[in-house]
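Colleague: Could you take me through this model, starting with the term that the discussion of its metal site will need?

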Amino acid sequence: MSYLIRGASPYGGDPADILVEDGRIVAIGDALSSTGAEVVDAAGLIALPGLVDLHTHLREPGREDAETVETGSRAAALGGFTAVHAMANTDPVADTAGVVEQVWRLGEQAGLVDVVPVGAVTVGLRGERLAELGAMADSAARVRVFSDDGHCVADPALMRRALEYVKAFDGVVAQHAEEPRLTAGAQMHEGDRSARLGLTGWPAAAEEAIIARDVLLAGHVGARLHVCHVSTAGSVELLRWAKGRGVQVTAEVTPHHLLLTDACAESYDPVFKVNPPLRTDDDVAALRLGLADGTIDAVATDHAPHAVEDKESEWAQARPGMLGLEQALSVVLEAMVETGLLDWRGVADRMSVRPAAIGRLAHHGRPLAAGEPANLLLLDPASRAPVDPAALASRSRNSPYAGRELPGRIVATFLRGTATVLDGKATR
Ligand SMILES: [Zn+2]
């Protein structure tokens, strides 16, 4: 199938036609023509490289009632993604070559995005001994990102060994930075609001203490460290310090930590319960600036679908986590582009180029240019609509944006030249 995309604005610049054939962009220019190509009218639409998510929970195997590789892949395509890293906290845990290959194959079958499995750092995410990191790296899934996400690799000696081990195949350890002894029973950000609401707090220091420890370890070992979902102003300062010293550290921030604050907890609506918790206005401002100046490398969704019975309960009993794939670009548009902090090239860098580089994905995060793989999206920046959770492709409904009007709508997504989304609808 070939496509002639008419009049799109690559990176928000001057309109141009984009010709896609045999999985590649073959030309970008004025008044292109092609016989037999399907014409896509893209006047007024922005073209960007397909987005890459470093942090997605697809829940399969084990919790197919909350999400499957296929439903999560569809949500990702509808959000403009062409590749997602699937976190390892499934049941069974993705801590062997067998499980990561199973997830990878399910992704191939769904065919909507490249599903890139993340391998667990420790067996069963228990933090006691290392999983088969080398076997997962050598498997068909070619795992390069390892994470116990949902849990912190709290033992510093084990974290050091993991960092040493992944160097052999250019892997990276993605840490969920949470000192567990400081967050026992935590329900929300520790501060004035948690005190007033009577909920146990999750102090910023619990995140910052682990980041400080891990950047020192990564620097000592000379290995790559990636910090998942940074949420505090202090974390941004630590990352800036570590990068200034030449530590190979990268970091991500979620869309919800760029937009929402701990004020949401005042509703006691468990849709706003997430780990790490929503922080303060000052933290949001620091995260936005850190993403704008590149201290934070990437936006990653931490898409965390939950079945109704796990989420619609009392705040204290509800599982932490929220959906993120389908609204990620809209939230970044509101928090970063409309505020003047990032231009469209900056968005492409933080949501495609850098996450692909961190995951060592050679065919994603490529520029929109002739000869490159045709992984791209078309966005209507002028569209504005309230989010309707019932209309989402995810099998779960725990969107923190329900009823909130967000800008931007994904009109089309192409994975290696095949349309996975057209006219705002998934093609399969
Ligand atoms: Zn996490």
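Modeller: A residue counts as buried when its relative accessible area is under 20%. Please keep in mind throughout that this is a predicted model.

Colleague: Are His176 and His229 buried or exposed?

Modeller: Both histidines are ligands of the zinc ion, His176 through ND1 and His229 through NE2, and Asp149 (OD) coordinates it as well, at 1.9 to 2.2 Å. By the cut-off of under 20% relative accessible area, His176 and His229 are both buried.

Colleague: How many residues apart in sequence are the parts that the pair His176 and His229 ties together?

Modeller: Along the chain, the donors of the zinc ion follow the spacing D-x26-H-x52-H. His176 belongs to the loop between β10 (172-175) and β11 (188-189), whereas His229 sits in the loop between β13 and α7, so the parts tied together by this pair are separated in sequence by 53 residues.

Colleague: Which residue is the bridge partner of Leu225 in β14?

Modeller: β13 and β14 are neighbours in an open sheet of 5 strands with parallel pairing, ordered β9-β10-β13-β14-β15. Strand β13 (residues 225-227) pairs with strand β14 (residues 249-253) in the parallel sense over 3 bridges, and the partner of Leu225 in β14 is Val249.

Colleague: How are α6 and α7 oriented to each other?

Modeller: The axes of helix α6 (residues 204-221) and helix α7 (residues 233-244) come within 9 Å and cross at roughly 10 degrees. Since angles under 35 degrees count as roughly parallel, α6 and α7 are therefore, relative to each other, roughly parallel.

Terms used:
Residues numbered from 1 in each chain as written. Predicted model: local features only at pLDDT ≥ 70, side-chain atom pairs only at ≥ 80, totals over all residues. Heavy atoms only, no water. Axes fitted to C-alpha atoms, helices over the stretch in contact; angles between N-to-C directions. Helix = DSSP H or I, 4+ residues; strand = E, 2+ residues; numbered from the N terminus. Parallel < 35°, antiparallel > 145°, perpendicular 65-115°, else oblique. Pairing = 2+ DSSP bridges. Donors = N, O, S within 2.8 Å, 3.2 Å for Na, K, Ca; no water. Buried < 20%, exposed > 50% of the residue type's maximum accessible area, 1.4 Å probe, protein only.
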